[in-house]
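Biologist: Could you take me through the charge pairing and the helix packing here, one question at a time?

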Amino acid sequence: MASLKEVGDRVGPYQIVGVLGVGGAGQVFKAVFDPTDEQRADAAPDHPREVALKLLLPSAAANEAIYRRFVREIGVARQIHHPHILRFVDSGLAGDLLYYAMEVAPYGSLREVIQKRSRLPWRDAAESAAHVADALGALHDRGVVHRDLKPENVFLAEDGALKLGDFGLVRRDDGAELTTSGQTVGSVRYMAPEQVRGRRDIDGRCDLYALGCLLFELLTGRPPFPSTEPMVVFQQHVEAPPPKLRTLAADAPKSLERLMSSLLEKEKEDRPATAQAVRDALRALLASENGEIEDLEDRLDGAAVEIEPLPPDEEDDDSLTGGQGLSGHELAEGIESVVDEFDDDLDDDLYDEPARSQGLSQRLAATSAKPKQGCLGVLMLLAVGATLSVAALIVHWPA
């Protein structure tokens, strides 16, 4: 069985140079690309020197169900190409150790921005949300629901863009999902009421609710429901109205408060139709002189991206495969099967650069003297954990 890795160890063509985090199922390291001549010949010409390298912990890799979910996470990350989504770099097997590499976001995550700056000016907060909405729109167009949007999973990239990451809890509209069916998944303070209830008819509008929670926190310095008691937060998501935005952020335009209210509606049918509609409304707010637009409701109306309810899951197979997880051949087949699902109807517009202002990530990270050497924000790559603010909490909730 694979052993825990440390700084100085090699994994495939990578040399580990720093620790970014350890969670219940994985390790994340900062690594440099240091290939042999043979490995270099197989690498892409533009392979970055530095990457964030995610590995499965040996205990998790021995569980075939978790191993297969990680394979699916790699397949999804590999096929989502968008300027506001962290770029997939590479994946493979090093002995019996499964890994994949993503781009490094040198300025950290939105969580660190909130910790340092408490709250943002409304224009910076709205532009941040527009970047995230653009990423969500790309996912939803592919039939992918993120289900774990939070400040830890939004990164400040070198090119000035905010980028979404962590596909550990995604699901496709074909019924394949990476977590146990019938249970509540996601991070407590950003979960839509339908997620709290464990409903099966989850679609992209649960991500829009989470975007509303994230935007609220950027504007006010706190989430809509900030209790440290998970069950209290669950109850509030389902039943309690969120605070009025302008009582906590008086500088926010009234149109932004109306948009916020629509994102945080309890029933998904009452939320904006699509992430693209939210993105466009935010851009219109930013383009106006005072942040007010008269036709906000019309902009947010329309047909939602519907996703069929999930069929009953098959029982997870927790048996071990010789303590090794999948074989290399099974791994390759598993990743390629996910890739093929996307290739059948791949949209060219996923590769187009959307209109956006440059330099947002640098502005948000302005309190830092220099880019983060460890990119602590890449902790988001850990899909399993136990804390309230940075991990996926799995609990039962009556429908």
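Predicted model: local features only at pLDDT ≥ 70, side-chain atom pairs only at ≥ 80, totals over all residues.

Biologist: Does Asp34 count as buried, partly exposed or exposed?

Modeller: The relative accessibility of Asp34 is 37%. Because that value falls in the range between the limits of 20% and 50%, Asp34 counts as partly exposed.

Biologist: Which residue does Asp34 meet in a salt bridge, and where does that partner lie?

Modeller: The side chain of Asp34 pairs with that of Arg10, at 3.2 Å from N to O. The pair links distant parts of the chain, 24 residues apart, with Asp34 in the loop between strand E3 (26-33) and helix H1 (37-42). Arg10 is itself partly exposed, at a relative accessible area of 35%, and the element in which Arg10 lies is strand E1 (residues 10-11).

Biologist: How many residues apart in sequence are the parts tied together by Arg111 and Glu152?

Modeller: These two residues form a salt bridge whose closest N and O atoms are 2.8 Å apart. Arg111 belongs to helix H4 (residues 110-117), whereas Glu152 sits in the loop between strand E7 (144-145) and strand E8 (154-156), so the parts tied together are 41 residues apart in sequence.

Biologist: Are Arg111 and Glu152 buried or exposed?

Modeller: The term for a relative accessible area under 20% is the one that applies to Arg111.

Biologist: What separation in sequence does the salt bridge of Asp251 and Arg119 span?

Modeller: Their side chains meet at 2.9 Å, N to O. Asp251 lies in the loop between helix H9 (245-248) and H10, and Arg119 in the loop between H4 and helix H5 (122-141), so the parts that the pair ties together are separated in sequence by 132 residues.

Biologist: How many nonpolar residues does the contact of H10 with H11 have?

Modeller: On the H10 side, Ser255, Leu256, Leu259 and Leu263 meet Val278, Leu282 and Leu285 of H11. By class, the contact has no charged residues and 1 polar residue, and the number of nonpolar residues is 6.

Terms used:
Residues numbered from 1 in each chain as written. Heavy atoms only, no water. Contact = heavy atoms within 4.5 Å. Helix = DSSP H or I, 4+ residues; strand = E, 2+ residues; numbered from the N terminus. Nonpolar A, V, L, I, M, F, W, Y, C, P; charged D, E, K, R; others polar. Salt bridge = Lys/Arg side-chain N within 4 Å of Asp/Glu carboxyl O. Buried < 20%, exposed > 50% of the residue type's maximum accessible area, 1.4 Å probe, protein only.
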